Amino acid sequence: MMSHKFEIQGLTVRWHGNPLLKKISMNIASSEILGVIGPAGSGKTTFLRALNRMNELEQGYEMEGRVLLEGVDIQSPDYDVVSLRKRVGMVFALPIALPMSIYENIVYGPRLAGVRNRAKLDEIVEKSLTAAFMWNEVKDRLDSSGMRLSGGQQQRLCLARVLAMNPEVILLDEPCSGLDPISTAKIEEALTELKQNYTIVLVTNNTHQAARVADKTAFFLMGELVEIGPTNRVFTAPTQKQTDDYITGRFG
Amino acid sequence: MRIHPRHTQRIAVTVLGGATLLTLAVLVFIIVFILEKGLPVVGPGFLLEYSEDMGRAGGIFTTIVGTLVLPVLAIGLAGPLGIATAVFLTEYTVETKVTKVIRFGTDCLAGIPSIIFGLFGFIFFVTTLEMGWSILSGGLTLAFMVLPTIIRTTEEAIKAVPKSYRQVSFSLGATRWQTVKRAVLPNALPGIVTGIMLAIARSIGETAAVIFTAGSSLRLPTSIFDSTRTMSVHFYILAREGISLENAYGTAAALIIAVLLVNLAAYWTMHRFIAKRS
């Protein structure tokens, strides 16, 4: 039986009183890619950010319900949010290289976690960049600024930066929205490789991307989870009419 | 009637360019004027010798020492205090009535004339706390005076750091302090340094607040409890009491060069720091 990484039970998120997510209940299995699709404003990003508690960095958010990570509710007040974010890494929609060298970008997380040994850091950098399919592109200029990379490279740098923390879960928020097809292909290739060792949640505006890489797909609409199931099934035989309308491009 | 955009464009360039040119001209005129009158006096002797006969003869060595020591003390106190306050206000508190009142208070404090600070320093430090006319009284007073500038410029510099840097940092498992230290402050540094430079310039140029609190002794201070005279005060006294206009201009020229050197050094250091990161 496949184990559940996340169990989400009746998750409601309000922002200044407005419900952004309404009573979401679902499970996320480990070692697979969950694609999350839905039109703009459907609550995909809010859902994603509930999984590593990034919503609370801004004022006005209220949560209800439970989000269990391996059986422990991450929303309880005494849950250590710093260690949560080390286990649940995140890649944002826009590639954001911090204004420091490629090397320093990658070791940002490990350094926070207290890794000081230079050889160990070197090893982490090489491993993470290799897994993000960019080691050969940048291995000779690790000391140059991460901001000088192209958008596609920066996004893979962001992925490598998350991998460097050795997380259990990787959340990706429309990671390819600003990227060209070749960079997109590289990211997708990396994700397909990575899913053996990580649980991946991929929010995407591109339904084809979900169809290509996701094992399971969830469809959100107006803050509600309309449908979730194996990607093949959701795309070929959706049980809900709204899902069918969305993936065939009738709205959204 | 509508003026053709090509003409409004030309007018805009003329007006904006003219304003820039005028500003530059005033600046150059003042500097050239002072340097022309003052530079002939400035030599190694003028810079390294003690004053004689109230400043009529001799050099300005002790006033250079005073000019160095007072701002160092003031910025040494106000810098860390101001930066810490700004970090707390921007990163650790949410915008409420209380923070707005604090911010309004700092803005008001920044607008108080320096002679009021001088008077306060005289009554509080010199008289009530019995510190006398001393480097300590002067430094504390100057620190109070430049504190609002440092807080406000640091706040603005911190706010200008993109929110996304903080998000990335938090998402990588950073605590708030780690985020401030590694993602926010390094990127706010150029703005913070600019604020500190302004504060240094203000305290170097300050006369009223210093005369009241640090006094105007021409002797070489041996401790922070001694009175001292800064170059600005020296200039003021030489000119005001008609002691020696020649030496007054010499002092002014040396002061301008000193401020210029401090600025150049700061910008050079900052430039190297930024070039490394971007």
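This is a predicted model: local features need pLDDT of at least 70, side-chain atom pairs count only at pLDDT 80 or more; totals for chains, interfaces and linings use all residues.
Ser31(A) lies in the loop between strand S2 (18–29) and strand S3 (33–37) of chain A, and with 15 other C-beta atoms within 10 Å it is partly exposed. As background to both cases, most residues other than glycine have a negative phi.

## The open sheet of chain A

Chain A contains an open sheet of six strands, arranged in the order S6-S7-S8-S3-S9-S10 and with mixed pairing. The edges are formed by S6 and strand S10 (224–230) of chain A, and each of these has a single partner strand, so one side of each is left without a neighbour in the sheet. On average, and with direction ignored, neighbouring strands of this sheet are turned by 15 degrees against each other. In general, the strands of a sheet pair through backbone hydrogen bonds, in either a parallel or an antiparallel sense.

Within this arrangement, strand S8 (residues 199–203) of chain A is joined by five bridges to strand S7 (residues 169–173) of chain A, and these two strands run parallel. Along this pairing, Leu172(A) stands opposite Leu202(A) of S8(A), while Asp173(A) stands opposite Val203(A). S8(A) also pairs with S3(A), again in the parallel sense, over four bridges, and here Leu34(A) is found opposite Val201(A).

Is S8(A) largely enclosed by the rest of the structure or left open? S8(A) is largely enclosed, because five of its five residues are buried. Thr199(A), Val201(A) and Val203(A) point one way from the strand, whereas Ile200(A) and Leu202(A) point the other way, and all of them are buried.

When residues up to four places away in sequence are left out, the contacts of Val36(A) are Lys44(A), Phe47(A), Leu48(A), Val201(A), Leu202(A), Val203(A), Ala218(A) and Phe220(A). As a general background, nonpolar side chains in soluble globular proteins tend to be buried together.

## Helices beside the sheet, and Arg87(A)

Helix H7 (residues 151–163) of chain A lies across S6 and S7 of chain A and runs at about 170 degrees to S6(A). Arg87(A) belongs to another helix of chain A, H2 (residues 81–87), and is partly exposed, with 17 C-beta neighbours inside 10 Å.

Although 81 residues separate Arg87(A) from Glu168(A) in sequence, their C-alpha atoms are 5.2 Å apart in space. With residues up to four places away in sequence set aside, Arg87(A) touches Pro167(A), Glu168(A) and Val169(A).

## The contact between chains A and B

The contact between the chains takes 23 residues from chain A and 16 residues from chain B. On the side of chain A that touches chain B, the elements that give two or more residues are H2, strand S6 (88–91) and helix H4 (108–112). By class, the residues on this side of chain A divide into 15 nonpolar, five polar and three charged.

Chain B has 11 helices and two strands, which follow the pattern α-α-β-β-α-α-α-α-α-α-α-α-α along the sequence. The C-alpha trace of chain B spans about 65 × 60 × 40 Å along its principal axes, and buried residues make up 37% of its 278 residues. Among the contacts in chain B with a separation of 6 or more, 74% are between residues 24 or more positions apart.

Helix H3 (residues 61–92) of chain B packs against H6(B), with axes that come within 6 Å and cross at roughly 35 degrees. The crossing of H3(B) with H6(B) is right-handed, and their contact has 20 nonpolar, seven polar and three charged residues.

Technical notes: Residues are numbered from 1 along each chain as its sequence is written. Chains are lettered from A and ligands numbered from 1 in the order in which they are written. A residue is buried if 20 or more other C-beta atoms lie within 10 Å of its own, exposed if 12 or fewer, and partly exposed in between; C-beta atoms are placed from the backbone. Two residues are in contact if their C-beta atoms, placed from the backbone, lie within 7 Å. Ala, Val, Leu, Ile, Met, Phe, Trp, Tyr, Cys and Pro count as nonpolar, Asp, Glu, Lys and Arg as charged, and the others, Gly among them, as polar. Two strands pair if DSSP finds at least two bridges between them. Axes are lines fitted to C-alpha atoms, for helices over the stretch in contact, and angles run from 0 to 180 degrees between N-to-C directions. A crossing is left-handed if the near helix is turned anticlockwise from the far one by less than a right angle, and right-handed if clockwise.
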